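Keep the sequence and the 3D view open side by side.

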Number of protein chains: 2
Amino acid sequence: MRKIKMIVEYDGSNYHGFQSQKNAHTIQDTIENALYKLTGHKIPIISAGRTDRGVHALGQVIAFETEAKIPSDKFYLALNSVLPEDIRILNSKEVETDFHPRFQAIKKQYSYYIYTKDSGKTFLRKFAWCNSEPLNIDDMIKACKQFEGRHNFLSFCSSGSSVKTFERTIEVCQLQQKNAYLKFDIKANGFLYNMARIIVGTVVDVGRGKIKVNDINDIIKARDRNAAGSTAPPQGLYLMYVEY
Amino acid sequence: MRKIKMIVEYDGSNYHGFQSQKNAHTIQDTIENALYKLTGHKIPIISAGRTDRGVHALGQVIAFETEAKIPSDKFYLALNSVLPEDIRILNSKEVETDFHPRFQAIKKQYSYYIYTKDSGKTFLRKFAWCNSEPLNIDDMIKACKQFEGRHNFLSFCSSGSSVKTFERTIEVCQLQQKNAYLKFDIKANGFLYNMARIIVGTVVDVGRGKIKVNDINDIIKARDRNAAGSTAPPQGLYLMYVEY
């Protein structure tokens, strides 16, 4: 039995998130159906992150075991031939049989895009948060920096999470303005449920003047979801890469 | 009876082109249905250009007559409230009753995008021609310039067109490389059926080494569709603006 690791890119617009659910169209089910079509076997896959409905990925990582005779480094091409166009496997390779894409991940990076212009929104409505309200970008850039370091991020975790520890280390939390886009890059050793989207939503509330830059530390210390800002919508979020 | 002119942006991915057709989902039908919903009247619209299935617009122009009491400059907001998200009216104003968006257009500009990278294609498959084959960009830039000027463009017109004259003046035909994109801008006093896409397809054939830069003039002179290159796929094409 070989274990195969794959890097997966997907447009999450038409899916109810990554994780398999009853009566819902998910990325996991779609990939598992494709593996069944290809190999004739039901092969469960494990992912590095369970992205929400409407969230995208450029570097999701999945792994699974298989007895199929397809060469490991060509497996992605075979799988792409039976996958829909909005899910693409970028590469595949054989890994140690104890490899676990979620438990062994040491860092993850998410990016989040806000599109700030009115014209062109039609094309970006599923791929960015289209938000043309006036925002104080300098304050937002400063606010981002407050998130860096090791903190208890309970204030930035939606309910429904089953984790027990809320300490995470954010290595990079930065915002750049690029033409009509605001691009957030958040790199951490782990993310709580909705953490990236609540950080972005809170930073946007700083840009709106609803929250002060200097309040970010108090919001972190509060360990209370109600202390933080809104949750940014899913379509701006991209799982960029996972480090092992 | 007032005449209203509107600038329309649309993602053409889910439509069978602009023009109304039996048993097909078109942009025209969708806008006319929205006008009916808004005013209670069947209002026919006329457009500057009849874009094909899958082609997009950032600056399509439409006009129609109405007796509805909605203020002209607010009409677009009312119409957006009953239109689907992939069609957005950018503005509206009252014009002379003899205004005709197609016959009075003096210039039109189309842009065409080729995306040349492999990663990220998942997000661009409906918004650019995703083509990562090696292309000689310098030759393509030179080939574009050959199209500028007044020519008979019969070699660059698909059959099925009802026009009688094939002379058009291309003011600008340029190609720029921007990061992972190749962007064509073609500005002319008019376009024949599929003209922009056949020019792009022919220039790509130059990039592939199938057609030589110096052959472009002979292809134009041939006045024969078979002399030119392939028709580039629709999803890379955008109607950018119309001048009156």
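Buried area is the accessible area (1.4 Å probe) that two parts lose on being put together, summed over both. This is a predicted model: local features need pLDDT of at least 70, side-chain atom pairs count only at pLDDT 80 or more, and totals for chains, interfaces and linings use all residues. Residues are numbered from 1 along each chain as its sequence is written, chains are lettered from A and ligands numbered from 1 in the order in which they are written, and side-chain values use heavy atoms, with hydrogens and water left out.

Start with chain A. Its domain assignment gives domain 1 (2–95) and domain 2 (107–243); such bounds come from an automatic or database assignment. Their C-alpha centres lie 27 Å apart. Between the two domains of chain A, about 1100 Å² is buried, and carbon and sulfur atoms give 59% of that area. Asp52(A), His56(A) and Leu58(A) supply 40% of what domain 1 buries against domain 2, more than any other three residues. In terms of contact (heavy atoms within 4.5 Å), 15 residues of domain 1 meet 14 residues of domain 2.

Now find helix H1 (residues 27–39) of chain A. Helices (H or I, at least four residues) and strands (E, at least two) are DSSP runs, numbered from the N terminus. H1(A) has 13 residues and reaches 18 Å from its first C-alpha to its last, close to the 18 Å expected at 1.5 Å a residue. That expected span is 1.5 Å times one less than the number of residues. The buried residues of H1(A) include Ile27(A), Ile31(A) and Leu35(A). Buried means under 20% relative accessible area, exposed over 50%, partly exposed in between (1.4 Å probe, protein chains only). The buried residues of H1(A) pack against strands S1 (2–10), S3 (56–66) and S4 (87–95) and helix H2 (75–80) of chain A. After H1(A) comes Gly40(A), with a positive phi near 80°.

How do the two chains meet? 100% of the interface residues of chain B are also interface residues in chain A, so the copies meet through the same surface.

Look last at the rings. Rings of Phe, Tyr and Trp (its six-membered ring) pair if their centres lie within 6.5 Å; planes under 30 degrees apart count as stacked, over 60 as edge-to-face and the rest as tilted. The count comes to 27 aromatic pairs over all chains. Tyr238(A) and Phe123(B) have ring centres 5.4 Å apart and planes at 65°, so the pair is edge-to-face. This pair crosses between chains, from strand S10 (residues 237–243) of chain A to helix H3 (residues 121–124) of chain B. Both Tyr238(A) and Phe123(B) are buried.
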